[in-house]
Amino acid sequence: MSVVQAQPAPLAEEAPVSLWRDAWYRLKRNRLAIFGLFVIALLAFTALFGPYLTPYDFLGQDLEARNQAPSLAHLFGTDDLGRDVFSRVVYGTRTAFLVAVVVTTIALAIGTTLGAIAGFFGNPFDRVIMWLTDVTMSVPNLLLVVVINASLKTPIAQWMEARYLETLNPFYRETVWIDFLLVFGSMALISWPPYARLVRAQVLSIRSRPYITAAQALGLSNRIILMRYVVPNALGPLIVAVSAGLGTAMVLESAFSFLGVGVNPPTPSWGNMISDGLRVWQHYPHLLAAPAAVLGLASVAFSFLGDGLNDALNPRGSK
Amino acid sequence: MSAKTENRLLDVKGLTIEIETRRGPAVVVDGIDLHVDKGETLGVVGESGCGKSLTMLSLMRLLPNKIRVTQGEAHFDGRDLQKMSNRELRKVRGGDIGFVFQDPMTSLNPVMRIGDQLAEPLIYHRGMSRREARTRATELLRLVGIPGPEERIQAYPHELSGGMRQRVMIAIGLACEPKLLIADEPTTALDVTIQAQIVDLVKGLREKLGMSVVWITHDLALIAGLVDRVVVLYAGTIVEDAPVDELYANPRHPYTRGLLASIPKLSDAPASRLNSIGGTPPEPGRRPEGCPFAPRCPLAMDVCRSHVPKLEPVSAAGSHRAACFAVEKAREAA
Amino acid sequence: MLRYVAMRFAIWIPSVLLVMMAVYALAFYGAGDPIKLIFLRAPGDVAYNPERIEAIRESAGLNKPFIEQFGYYVWNLIQGDFGNSLTSGRSVWAMVKAAAPVSFKLALCAIVLTALVAIPLGMIAALNQNRRLDYIILGSALFLWAIPAYVAGPLLMVGLIVLLPGVNVPYGWGGVFDIRIILPLIVLAFQPIALIIRQTRAAVIEVLSEDFVRTARAKGVPEIVVAIKHILRPVLTPVVTQLGLIMITIVNGAIFVELVFGLPGLGRLTVKALTNSDYPVILAITLIGSFLVMISNLLVDILYPLLDPRAVDAKRSR
């Protein structure tokens with residue numbers, strides 16, 4: 001670390017440093033966070049373009065080449081149907097990112113709305129919303145969401161089937177979307193409380209701070225106060241929470257797939273690959289090791305970045 | 001001269017303290033010399049941030065993380081505190097030197113009983129048993145004027161008032177009958193009426209125990225009746241050092257004069273404005289060239305902005321010293 | 001005190017009822033026909049005889065509206081009847097009673113392990129703040145936090161076999177003092193350890209900047225005593241408050257750990273019930289999980305004043 005600190009400070013002149021530049025400066029010095037950022041960027045790139053770059057189709061079976069150990073032709077080997085594990089892991093990245101981004105967006109929307117309502121309007125909204133938050137957070141959430149997922153799957157599939165027979169619209173045949181829809185919905189349902197709490201706390205504390213009163217006393221409009229004072233101050237903790245949330249969602253999705261209630265085969269997901277690999281790991285460890293290692297790497301990267309962001313954006317309350 | 005050195009309890013020479021900032025190290029205490037004689041009470045006066053607390057904390061090597069002593073020595077009873085081993089230093093802390101901190105709300109451990117906190121120095125320095133320490137702690141509480149010490153010893157800090165807590169702090173500082181008591185703005189967090197009580201308490205105890213006292217404050221008026229000598233600090237340098245009566249009667253440095261003038265007097269006209277010194281002290285690392293006080297000084301000359309004045313005797317006896325070109329010039333003219 | 005505990009229960013009941021109603025509703029509207037499920041394995045093809053099914057449904061009161069059925073379920077629950085498993089027909093209470101000790105023992109051991117490992121490590125990290133040791137400990141904690149149990153478990157198993165060939169795969173349950181508990185215990189404790197390391201480190205750093213630590217040093221108290229008496233004591237308060245969160249992590253983690261290592265506990269029961277849509281079992285487990293978390297939080301509230309004397313007065317004056 002001493003090497004990093006020995007560098008001359010880049011702030012030669014005394015211009016007031018903006019919050020974001022300051023945060024970026026602190027983040028840059030955190031090597032773990034930069035490592036996380038790099039890995040996430042790589043994975044995001046893979047999720048966007050990877051499926052077009054892989055040498056094999058993720059569904060392409062080659063029964064001549066089943067259960068092969070890693071080689072130059074198949075970087076991570078092949079599975080019991082002769083599918084290229086590397087291509088499947090790459091496609092699984094897309095699944096993981098899709099779930100993580102969509103779930104976090106929905107959860108953020110729900111959480112921010114409820115938190116803002118609770119913070120701005122106070123009781124009775126506050127009391128009800130906070131009670132819901134507490135209830136959701138105090139139940140072992142994995143259990144709840146697995147139950148939701150497991151029990152809604154059949155009825156939705158039946159409904160889709162019925163719609164298809166009624167309309168013959170091929171859209172209703174696409175059952176892959178049921179998995180995604182369920183995963184999105186149920187995960188968002190347990191992921192919103194942290195955002196709600198955060199936004200409520202921010203709104204409450206910012207509303208009562210002297211500089212808001214001062215701004216009001218200066219006759220600034222509510223919109224300007226909101227944009228210039230409230231939002232920038234609330235954004236930091238929210239960014240930290242989102243970064244952590246993305247990682248959690250990714251892990252949660254694979255947990256579902258592992259338990260057989262997430263994204264189902266043949267769509268590759270890290271979780272269902274791990275689950276499949278677990279059955280044969282004593283003979284073909286690469287089938288387990290490849291998806292497990294990638295999932296671990298992704299999760300660790302988000303964890304490092306989230307922690308770095310926390311230190312960078314909340315310098316005083318850094319944990 | 002040798003008699004004088006023998007009488008020295010604390011002798012600080014060329015002490016320099018730096019704080020680590022993002023722009024590199026910044027000097028907060030700039031090579032100051034300071035001494036306390038046996039039985040003497042020294043007042044250290046200055047605005048907040050002038051380095052008076054850091055100076056005293058550095059003696060016991062209690063500086064916060066990013067602040068450290070870069071130069072100088074501090075001899076206590078003939079031994080250099082800066083060079084002591086941790087084990088030796090531990091014996092001095094609380095044993096030979098007692099400390100009373102500024103804020104009694106935060107300086108006492110909230111989850112420990114008063115009696116246990118008071119017993120700690122007795123156990124670790126005097127090797128007392130818990131029971132002996134407890135008896136002694138009760139005596140100490142009585143000594144600092146806490147009513148009902150037998151019950152109070154069981155109390156937690158939050159159950160006492162601010163003034164009572166500061167009395168407990170003083171009792172902790174005095175527990176091992178130290179040769180030197182360092183009181184770091186012990187009255188700042190207290191009500192005005194309590195402040196006077198605390199000053200009187202220390203005054204009485206000093207005579208009873210025959211110890212030296214260093215009293216750090218920004219309030220010149222408060223310590224007038226307590227201290228023998230006053231050192232005035234400005235931006236990490238000593239600007240004036242004089243016996244207390246001499247300082248009040250004949251302040252030499254413009255900064256000291258400013259400080260004294262800013263104390264409101266009953267004789268002032270009721271509607272008259274309070275005197276204050278214009279401007280603010282320089283931030284660490286941004287001190288001007290020359291005399292640090294020059295930008296705020298009504299008497300500043302060209303030389304003040306290019307050269308740093310040295311602390312020179314301004315009285316015949318040499319006991320009154322000031323660091324100011326204007327004072328020197330006035331004396332030369334006389 | 002007793003009144004306080006009773007009040008906490010009173011607050012807990014509506015929230016757990018809400019959750020159970022949600023699960024019950026999922027079972028009611030979402031799952032397949034419970035009668036069919038019951039008789040799927042029964043002889044005589046009852047499951048495919050609509051008339052008999054209707055008859056059974058009526059006699060079991062399963063044709064009543066949702067609220068009535070849920071009320072009936074809760075009423076039975078109050079009397080200690082958790083119902084019967086849809087698949088095995090055994091009493092849910094008996095199934096839970098058989099499985100719970102395994103999970104509870106494992107959870108308890110995991111909590112003890114967490115406290116023994118994480119608090120000292122967090123403290124060491126904080127005392128070496130921003131030095132190499134701190135980065136190593138903190139980095140490891142972040143790493144442990146990020147690795148899910150179903151990844152860590154198998155990978156550790158692979159590692160064990162590779163390192164010590166000839167060792168049997170640790171699979172199954174033999175009690176707390178069985179050697180097979182070691183691996184699942186470690187995996188289960190990963191996340192709680194990570195959580196407590198970070199919590200302890202943050203708390204210690206905060207306490208280190210407190211004036212009273214400086215006072216203790218100024219008194220000449222030895223560093224080791226400063227660390228234990230003046231730093232650790234105040235740090236325990238915020239760390240203990242994490243017990244509820246730890247309980248959630250452990251309950252979640254147990255599902256995977258028990259599955260991977262073949263332990264006959266509540267976690268495995270959960271997975272089995274889920275795959276079979278065995279709702280009476282799922283409901284019972286939801287209740288137990290929520291109860292555990294509530295009890296942990298209650299315990300925290302009771303312990304709090306013992307750790308922080310200031311809280312006693314705050315409560316009294318309320």
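Let's start in chain C, where helix 11 (residues 243–261) and helix 13 (residues 279–307) pack at an angle of about 155°, their axes 8 Å apart. Axes here are lines fitted to C-alpha atoms, for helices over the stretch in contact, and angles run from 0 to 180 degrees between N-to-C directions. That angle makes helix 11 of chain C roughly antiparallel to helix 13 of chain C, a label used for angles over 145 degrees. The crossing of these two helices of chain C is right-handed, meaning that the near helix is turned clockwise from the far one by less than a right angle.

Helix 11 of chain C brings Leu243(C), Gly244(C), Met247(C), Ile248(C) and Val251(C) to the contact, and helix 13 of chain C answers with Gly289(C), Leu292(C), Val293(C), Ser296(C), Asn297(C), Leu299(C) and Val300(C). Contact means C-beta atoms, placed from the backbone, within 7 Å. The residues split into 8 nonpolar, 4 polar and no charged; Ala, Val, Leu, Ile, Met, Phe, Trp, Tyr, Cys and Pro count as nonpolar, Asp, Glu, Lys and Arg as charged, and the others, Gly among them, as polar.

A quick word on the ground rules. This is a predicted model, in which local features need pLDDT of at least 70 and side-chain atom pairs count only at pLDDT 80 or more, while totals for chains, interfaces and linings use all residues. Residues are numbered from 1 along each chain as its sequence is written, with chains lettered from A and ligands numbered from 1 in the order in which they are written.

Now to chain A, which has 11 helices and 0 strands. Helices (H or I, at least four residues) and strands (E, at least two) are DSSP runs, numbered from the N terminus. Of the 319 residues in chain A, 43% are buried, which takes 20 or more other C-beta atoms within 10 Å of a residue's own. Among contacts in chain A between residues at least 6 apart in sequence, 68% join residues at least 24 apart.

Chain A also touches chain C, with 38 residues from chain A and 40 residues from chain C. On the chain A side, helix 6 gives the most, with 11 residues. That side divides into 27 nonpolar, 8 polar and 3 charged residues.

Last stop: Phe101(B), in the loop between strand 6 (97–100) and helix 4 (104–107) of chain B. Phe101(B) is buried, with 26 other C-beta atoms within 10 Å. Leaving out residues up to four places away in sequence, Phe101(B) touches Ser107(B), Met169(B), Asp184(B), Asp211(C) and Thr215(C).

Terms used
A residue is buried if 20 or more other C-beta atoms lie within 10 Å of its own, exposed if 12 or fewer, and partly exposed in between; C-beta atoms are placed from the backbone. Two residues are in contact if their C-beta atoms, placed from the backbone, lie within 7 Å. Angles under 35 degrees count as roughly parallel, over 145 as roughly antiparallel, 65 to 115 as roughly perpendicular and the rest as oblique.
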